[in-house]
Amino acid sequence: MQLVVARIGRAHGIRGEVTVEVRTDEPELRLAPGAVLATDPASTGPLTIASGRVHSGNLLLRFEGVVDRNAAEALRNTLLIAEVDPDELPEGEDEYYDHQLIDLDVVTGDGVQVGRITEVSHLPSQDLFVVERADGTEVLIPFVAEIVTEIDLEQQRAVIDPPPGLIDDRAEIDVVGDEA
């Protein structure tokens, strides 16, 4: 199975290094020197990582055969894709690969069916589940512990405790004041 592990950013310096936007929780494993990665678009790869280092908080990679700034800049926006055993699990207890979450049923704590996860959207601040409802509409569920209370891979479901208004248009509003 293939997982997108990074996106190549701009060239750095004149010796073929590039910045990368890391999209894996295991960069030391997936983006280590010697790793051979498929690419999207496929015509730019496969790429073999020659070296990597952190500079000013950014991961910089250099690939075999990419020796100057022009070659590095030509790789910009290329996705790096690692081949992963489908049965492999992330190291952390509460970590999941996207393929494990796609197609899970989403239900509330009291058993109300919300829909099915069709996509996991990775945003800078948090991840979101894109959930398709039975009527074909979509709802976005933040993948945070306060809302997603349980992921049960055996039962193929994600249990949520949504705040008012997240999955329906009827937000509950507490009115404070005199009751006449």
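The model I am reading is predicted, so local features need pLDDT of at least 70 and side-chain atom pairs count only at pLDDT 80 or more, while totals for chains, interfaces and linings use all residues. Residues are numbered from 1 along each chain as its sequence is written, and side-chain values use heavy atoms, with hydrogens and water left out.

I placed Val-5 in strand E1, residues 2-12; strands (E, at least two residues) and helices (H or I, at least four) are DSSP runs numbered from the N terminus. Leaving aside residues up to four places away in sequence, I noted that Val-5 has contacts, meaning heavy atoms within 4.5 Å, with residues including Glu-21, Val-22, Leu-37, Leu-80 and Ala-82.

I then turned to Glu-138, which lies in strand E10, residues 138-142, and counts as exposed because its relative accessibility is 54%.

For the chain overall, I noted 3 helices and 12 strands, and 35% of the 180 residues count as buried. Among contacts between residues at least 6 apart in sequence, 47% join residues at least 24 apart.

Technical notes: Buried means under 20% relative accessible area, exposed over 50%, partly exposed in between (1.4 Å probe, protein chains only).
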